[in-house]
Amino acid sequence: IPVTTHISCEISNRNSRWGGSSRYEVYDISVGGLGINGAPLMPVGEIIHNIVVHLPEIGAFSADVIVCHTFWVQLKNGQKVLKTGFRYTNLCDQRHQKIQRYINRITMERRSRETRMEKKKPG
């Protein structure tokens with residue numbers, strides 16, 4: 001996902017007596033799953049029901065996911081961030097197609113920017 005694109009997802013607050021949900025930044029998305037930054041540590045193999053992913057121009061969709069991996073990353077500023085990877089468990093073909101179209105559009109935009117940058121380079 002380009003740095004300038006902001007995709008978020010909401011996960012229900014399972015351990016809160018007040019309920020609600022928390023919003024997290026998506027750093028990677030594919031037709032098979034997604035990766036998020038900053039969620040609380042979750043055990044690999046845990047199933048999370050009804051996360052809501054907000055895709056620009058496509059809108060929100062909900063999905064059940066399974067935790068595939070978690071790892072800590074130290075940012076350039078020294079701060080540590082937990083990254084969590086999920087695999088979708090119940091997306092319909094229509095959702096897969098919408099995600100794939102979104103990814104294709106982002107990829108085409110990136111390639112177009114790269115081509116313009118190459119043309120601007122001196123000779």
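**Exercise 1. State where Ala39 is found and whether this residue is buried or exposed.**

Solution. Ala39 is found in the loop between β3 and β4. Strands here are DSSP runs of E with at least two residues, and helices are runs of H or I with at least four, numbered from the N terminus. The model is predicted: local features need pLDDT of at least 70, side-chain atom pairs count only at pLDDT 80 or more, and totals for chains, interfaces and linings use all residues. Residues are numbered from 1 along each chain as its sequence is written, and side-chain values use heavy atoms, with hydrogens and water left out.

Next, take the accessible area. Ala39 has a relative value of 4%, so this residue is buried (buried is under 20%, exposed over 50%, partly exposed in between, with a 1.4 Å probe and protein chains only). Leaving aside neighbours within four places in sequence, Ala39 is in contact with Tyr24, Leu82 and Thr84; contact means heavy atoms within 4.5 Å.

Then compare Pro43, which is also placed in the loop between β3 and β4. Its relative accessible area is 49%, so Pro43 is partly exposed.

**Exercise 2. Trace the order of the strands in the barrel.**

Solution. Six strands close into a barrel in the order β1-β2-β3-β6-β5-β4, with antiparallel pairing. Neighbouring strands of this sheet are turned by 45° against each other on average, direction ignored; axes are lines fitted to C-alpha atoms, for helices over the stretch in contact, and angles run from 0 to 180 degrees between N-to-C directions.

Now go through some of the pairings, where two strands pair if DSSP finds at least two bridges between them.

- β1 and strand β2 (residues 21–29) share six bridges, and Ile11 stands opposite Ser22 in β2.
- β2 and strand β3 (residues 33–37) are joined by four bridges; Ile29 stands opposite Leu34 in β3, and a hairpin of three residues connects β2 to β3.
- Strand β1 (residues 7–12) and β4 are joined by three bridges, with Glu10 opposite Val52 in β4.

**Exercise 3. Describe the surroundings of Ser8.**

Solution. Ser8 belongs to strand β1. With a relative accessible area of 13%, Ser8 is buried. Its side chain makes a polar contact of 3.2 Å with the side chain of Arg23 (a pair of N or O atoms within 3.5 Å; within protein, one must be able to donate a hydrogen and the other to accept it, and residues adjacent in sequence count only if both atoms are side-chain atoms). Apart from neighbours within four places in sequence, the contacts of Ser8 include Tyr24, Val26, Val52, Val53 and His54.

**Exercise 4. Classify the pair formed by the rings of Phe61 and Tyr88.**

Solution. Rings of Phe, Tyr and Trp (its six-membered ring) pair if their centres lie within 6.5 Å; planes under 30 degrees apart count as stacked, over 60 as edge-to-face and the rest as tilted. By this rule there is one aromatic pair. The centres of Phe61 and Tyr88 are 6.3 Å apart and the planes stand at 65°, so the pair is edge-to-face. Phe61 is in strand β5 (residues 59–74) and Tyr88 in strand β6 (residues 80–88), 27 residues apart, so that distant parts of the chain are linked. Both Phe61 and Tyr88 are buried.
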